Amino acid sequence: MKKILILLASLSACLMFSACGQSEAAAASAAENATLKTIFARKSVRKYTPRPVEKQTLELLVRAGMAAPSGKNVQPWSFVIVTDEAVLKKFGQSGNSSMAKDAKAAIVVCGNPSASELWMLDCSAAAQNILLAAESVGLGAVWTAGYPYPERIKLISEILGLPKETVPLNIIVIGYPAGNDQPKNKWDPAKVHYDKW
Ligand SMILES: Cc1cc2nc3c(=O)[nH]c(=O)nc-3n(C[C@H](O)[C@H](O)[C@H](O)COP(=O)(O)O)c2cc1C
């Protein structure tokens, strides 16, 4: 059974790559490499089952977030782990985060602009790590914007009681996937330049 699953995973990676004009060698390494598999499998997931997300799994995701690089290693981030359904429903008041109403968890990635002018870039790296970690443990997640929209920043800050100097970059809405979302094929050779534009 395990062998069949590995074979299917390899085949789907090969199909993904051959459709993109990538070499068979690249397809083979993507099929064998757990990190690349996760990167290529990640997609935004907006529909969730009622299964709760374990607190230790959410902490693991935040650990992955904190493992991100940051300018001068300032780490100008903080994270709010949310499992309270009343809070998730409040997040869902914002149209762009409406899926939070039916989610079981969320991680709000916050930045401190007075700690670093690079806070938004650093926090984005942390957020991407969280998305990849979620994918790797079988969770579905989606980045929903806080920053730079003043009304969304205000709403999230009020709901969570964030300190004045803290800006919510996003709400990463999380749950066990209910649908059959698939990763999009974004490979575009026209956007790649070699040695010179
Ligand atoms: C900066 C940023 C802001 C986003 N904001 C939202 C949002 O507010 N609501 C939402 O449903 N998805 C949001 N997304 C998710 C994108 O819609 C999604 O990543 C994009 O459609 C590509 O799909 P994929 O993630 O499945 O590859 C955001 C993504 C990024 C990176």
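Biologist: By class, which residues make up the shell around the ligand in this predicted model?

Modeller: Good place to start! The ligand is surrounded by Lys 43, Ser 44, Asn 96, Val 142, Trp 143, Thr 144, Ala 145 and Lys 184. Sorted by class, that shell has three nonpolar, three polar and two charged residues.

Biologist: How do helices α4 and α6 lie relative to each other, roughly parallel or oblique?

Modeller: Helix α4 covers residues 55–66 and helix α6 covers residues 119–136, and they pack at about 140 degrees with their axes 7 Å apart. An angle must be over 145 degrees to count as roughly antiparallel. That is why α4 is, relative to α6, oblique.

Biologist: And what is the handedness of the crossing of α4 and α6, and which classes of residue form their contact?

Modeller: The crossing of these two helices is right-handed. From α4 come Leu 60, Leu 61, Ala 64, Gly 65 and Met 66, which meet Ala 126, Ala 127, Asn 129, Ile 130, Ala 133 and Ala 134 of α6. By class, this contact of α4 with α6 has nine nonpolar, two polar and no charged residues.

Biologist: Helix α3 packs with α6 too. What word describes how α3 and α6 are placed?

Modeller: Helix α3, residues 34–41, packs with α6 at an angle of about 100 degrees, and their axes are 9 Å apart. Angles from 65 to 115 degrees share one label. Therefore α3 and α6 are roughly perpendicular.

Biologist: Which residues make the contact of α3 with α6, and what are their classes?

Modeller: On the α3 side you will find Thr 38, Ile 39 and Ala 41, and on the α6 side Leu 132, Glu 135 and Ser 136. By class, the contact of α3 with α6 has three nonpolar, two polar and one charged residues.

Biologist: Is the peptide bond from Tyr 147 to Pro 148 cis or trans?

Modeller: Look in the loop between β3 (140–145) and α7 (150–160), where Pro 148 lies. Most peptide bonds are trans. From Tyr 147 to Pro 148, though, omega is near 5 degrees, and the bond is cis.

Biologist: What is the phi of Gln 75 near?

Modeller: Gln 75 sits in the loop between α4 and β1 (77–82). Most residues other than glycine have a negative phi. Gln 75 is not a glycine, yet its phi is positive, near 50 degrees.

Biologist: Where does pLDDT stay under 50?

Modeller: The chain averages a pLDDT of 91, and 87% of the residues score at least 70. One stretch, with 19 contacts beyond four places in sequence, stays under 50: residues 1–20.

Note on methods: Residues numbered from 1 in each chain as written. Predicted model: local features only at pLDDT ≥ 70, side-chain atom pairs only at ≥ 80, totals over all residues. Near = placed C-beta within 6 Å. Nonpolar A, V, L, I, M, F, W, Y, C, P; charged D, E, K, R; others polar. Axes fitted to C-alpha atoms, helices over the stretch in contact; angles between N-to-C directions. Helix = DSSP H or I, 4+ residues; strand = E, 2+ residues; numbered from the N terminus. Parallel < 35°, antiparallel > 145°, perpendicular 65-115°, else oblique. Left-handed = near helix turned anticlockwise from the far one by under 90°. Contact = placed C-beta atoms within 7 Å. pLDDT = per-residue confidence, 0-100.
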